[in-house]
Amino acid sequence: MSLSGHGLTPRLKPLSARKSAILSVLDIGTSKVVCVVAELKPSDEVESLRSRTHVARILGIGHQRSAGLKGGVVVDLEAAETSIRQAVHAAERMAKVEIQSVIVNLTGGRLASEHFEAHVPVRGAVNDGDVHRVLDAASSYDLRRGRAVLHALPTGFSLDAQSHIVDPAGMIGEQLGVDLHVVTTETAAARNLMLAVERCHLGIEAVIASPYASGLSALVDDEADMGCAVVDMGAGTTSVGIFSNGHLVHTDAIAVGGHHVTMDIARGLTTRVSAAERLKTLYGSAITSSADDRDMIAVPQVDEDERDVPNHLPKSHLVRIIKPRVEEILELVRDRLRNAGFAAQAGRRVVLTGGASQLVGLPETARRILQGQVRVGRPLGIKGLPEAAKGPAFSAVVGLLVYPQVAHIEYFEPRSSGLFQSTGTDGYFSRVSRWIRDSF
C-alpha cells in the first residue's frame, strides 16, 4: 500500500506573512483539554525566533479536565466529546467568538517516523517541475498498513555530490535528490480523535504531532539548527521530537507518563488517586535529600472517613516510589534515541516540556541519564497568556498556534491520487514561492 492511500488527516493552508488571522487550537491530552483562540498579527523578525512571521495574542482560553482518553487515545467517545465541548465553550465565552474549526494535536497512536530518499535526473538548471518530480518519487514508497500520515517534511535536497541544499531551484546539476521525513500514527487513533472533535460540530484544519508542536513552541531557532531533543512529558505518554538543521528529523512516543507516577503513589501509599496527584505536586521529587527522612507528609487513607486523621509518613517513602518510575521513563527515552540512531543529531541538548516535566529534581535526573545539557522548555513568543498557562504544560497548545506559520514547508501532493488529499495548489516550490510573494 503506497503513501497515496494515507491522506487521512486534513492539510492546512499556509498562512500569509502579511495577513492577520484568528485561529482556534485544541490540545487534547490524557489529563487536560485546552482550547485557545488567538489573533495572529504580522510581526518584525525576532532574533531568537526567526522562523516565526506572526506574533500571537490570546483572545480566549478554556481549560478542562480530560475524560475518555488513555495514553493519548480516545477510549470513551462520549466522555471525550463532553470534555472538548466544555473547553471550547469556555474559550468561546472569553473570546466572544464562535469557533468553527480547530487545529488539533495528537499524542497517542504510536507516533513514528519513516524516512524516504529519492533521486531523479535533471537537465541544466533545476526548475519547479524537477522538484515536484523528486518529491513525487519520494512519496511513492510503501507504508505499513494501518498507518496515517500526519506530516511530510523535506529535510534537505541534494544535487549530484552536494547535499544539505535548502532550495535547489535555479541550481545546475545532473541528479536531484531529496530526503523526506514522514510522521505517521495509527489510523484508528487519528480517526477516533477526529471523530470526537467532529461530534462537537467543529471542523478540523489540521492534526499535528504533539512533539512537533512542543518543539515549535519551546525551542529557539538556534537550538533547532544545532540539534536538540524535545521530550514532551504528558500524563499518559512521553513523546520525543528530534530537531536538526532547523527540521524535525525524528519522532517517537512511549505510552508512559506522569499519570503512571501518580498511580504508583496511589498503590504504594494506599491512597486515593486524587490524593496521590496532590502529594506528587506538593511534595514529589525525583532526587533524594538528607531531609527526606525528617520531613513528614499527611497521606489520606482510601477507606477512611473524611474526618479521620490521615496517616503520617516520611517524605522519603514518597521519593522512593517516584524515583524509579521517572528513571524508567528517561531510560526508555534514552534507549529509543540510541536505537533510532538520532542521539548524535540531538547534539547532547535536551529540552523537557509537558506537565510531568515540572516534577522537582527531574532536570537533574535527566542530565544524569541522558548525559546532555537539559533545560525545561516553556512557551515562547506569545502574548496574553494567563500566568497559570505560561508553564511547560502549555507548550503543545502554543505550538499549534505557531504551526500555521511554518506549514508551507510541508509537501502536499497536488493530485487527488497522490500522497495527500488535493489542496488545490501546484508544485511544492511554487507554493512556497507564492507564500513568499504574498508575504513580501
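The model is predicted. Its open sheet has the strand order β7-β10-β8-β9, with antiparallel pairing. Elsewhere, helices α6 and α7 cross at roughly 110 degrees.

**The sheet**

- Four strands, in the order β7-β10-β8-β9, make up the open antiparallel sheet.
- The edge positions are taken by β7 (112-121) and β9 (162-165); each has a single partner strand, so one side of each is left without a neighbour in the sheet.
- From one strand to the next, the twist averages 30 degrees.
- Eleven bridges join strand β8 (residues 147-159) to strand β10 (residues 175-186), and the two pair in the antiparallel sense.
- Arg147 has Glu186, in β10, as its bridge partner.

**The helix across the sheet**

- Helix α2, spanning residues 128-138, lies across β7, β8 and β10.
- The direction of α2 is at about 135 degrees to that of β7.

**The α6 and α7 pair**

- Helix α6 covers residues 258-268 and helix α7 residues 273-283; their axes come within 8 Å and cross at roughly 110 degrees.
- Angles of 65 to 115 degrees count as roughly perpendicular, and α6 and α7 are therefore roughly perpendicular to each other.
- The crossing of α6 and α7 is right-handed.
- On the α6 side, the contact is made by Gly258, His259, Val261, Thr262, Met263, Ile265 and Ala266; α7 contributes Val273, Ala276, Glu277 and Lys280.
- Of the residues in the contact of α6 with α7, six are nonpolar, three polar and two charged.

Terms used:
Residues are numbered from 1 along each chain as its sequence is written. This is a predicted model: local features need pLDDT of at least 70, side-chain atom pairs count only at pLDDT 80 or more; totals for chains, interfaces and linings use all residues. Side-chain values use heavy atoms; hydrogens and water are left out. Two strands pair if DSSP finds at least two bridges between them. Axes are lines fitted to C-alpha atoms, for helices over the stretch in contact, and angles run from 0 to 180 degrees between N-to-C directions. Contact means heavy atoms within 4.5 Å. Angles under 35 degrees count as roughly parallel, over 145 as roughly antiparallel, 65 to 115 as roughly perpendicular and the rest as oblique. A crossing is left-handed if the near helix is turned anticlockwise from the far one by less than a right angle, and right-handed if clockwise. Ala, Val, Leu, Ile, Met, Phe, Trp, Tyr, Cys and Pro count as nonpolar, Asp, Glu, Lys and Arg as charged, and the others, Gly among them, as polar.
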